[in-house]
Amino acid sequence: MAIPKEFLREDKIRAIIMIKNLKTDEIYLYKTEDAVASFSKERFKLDLGMHPEKSLQSAYSTLGLELFIFEIDKEADKDQDLDKLLEERKAYWIGKGARLYS
């Protein structure tokens with residue numbers, strides 16, 4: 001999987017990142033100060049079977065990379081509180097009926 005084009009900017013991207021299971025539509029959201037570096041780290045952990053979110057790791061190990069997408073869910077302003085934004089985005093997706101990885 002190539003790095004998604006929205007992750008290829010030169011500047012650091014503060015954001016909420018979404019990893020979506022295309023088979024079950026479950027999503028995993030996390031905050032990051034640097035989306036490009038974070039993309040690589042999350043892929044690395046998943047590929048090695050060492051991701052801390054066990055249910056995401058299990059699905060990824062079973063289904064493979066091809067059934068997951070990585071994307072920026074919401075870009076944050078430079079002074080925006082990422083913890084608060086993460087909680088807002090989780091509430092947003094739950095409100096839309098999405099199932100989140102815990």
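This is a predicted model: local features need pLDDT of at least 70, side-chain atom pairs count only at pLDDT 80 or more; totals for chains, interfaces and linings use all residues.

Colleague: How many residues does α3 have, and what span does it reach?

Modeller: Helix α3 covers residues 82–95, 14 residues in total. From first C-alpha to last it reaches 20 Å, close to the 20 Å expected at 1.5 Å a residue.

Colleague: Which residues of α3 are buried?

Modeller: L82, L85, L86 and R89. Down the axis of α3 they fall within an arc of 100 degrees, so they line one face. The general idea: an α-helix has 3.6 residues a turn, so residues three or four places apart point the same way. The cover over the buried residues of α3 includes β1, β2 and β3. K84, I94 and G95 are exposed on the other side.

Colleague: What happens at the start of α3, and which residue takes a positive phi just after the helix?

Modeller: At the start, a side-chain oxygen of D81 comes within 2.9 Å of the backbone nitrogen of D83. Just after α3, G97 has a positive phi of about 90 degrees.

Colleague: How many salt bridges are there?

Modeller: The count is 8. One of them pairs R99 with E26, closest N and O atoms 3.4 Å apart. R99 sits in the segment after α3 and E26 in the loop between β1 and β2, so the pair ties together parts 73 residues apart in sequence. E26 is buried, at 18% relative accessible area.

Technical notes: Residues are numbered from 1 along each chain as its sequence is written. Side-chain values use heavy atoms; hydrogens and water are left out. Helices (H or I, at least four residues) and strands (E, at least two) are DSSP runs, numbered from the N terminus. The expected span of a helix is 1.5 Å times one less than its number of residues. Buried means under 20% relative accessible area, exposed over 50%, partly exposed in between (1.4 Å probe, protein chains only). The arc is that of the directions from the helix axis to the C-beta atoms. Contact means heavy atoms within 4.5 Å. A polar contact is a pair of N or O atoms within 3.5 Å; within protein, one must be able to donate a hydrogen and the other to accept it, and residues adjacent in sequence count only if both atoms are side-chain atoms. A salt bridge is a side-chain nitrogen of Lys or Arg within 4 Å of a carboxyl oxygen of Asp or Glu.
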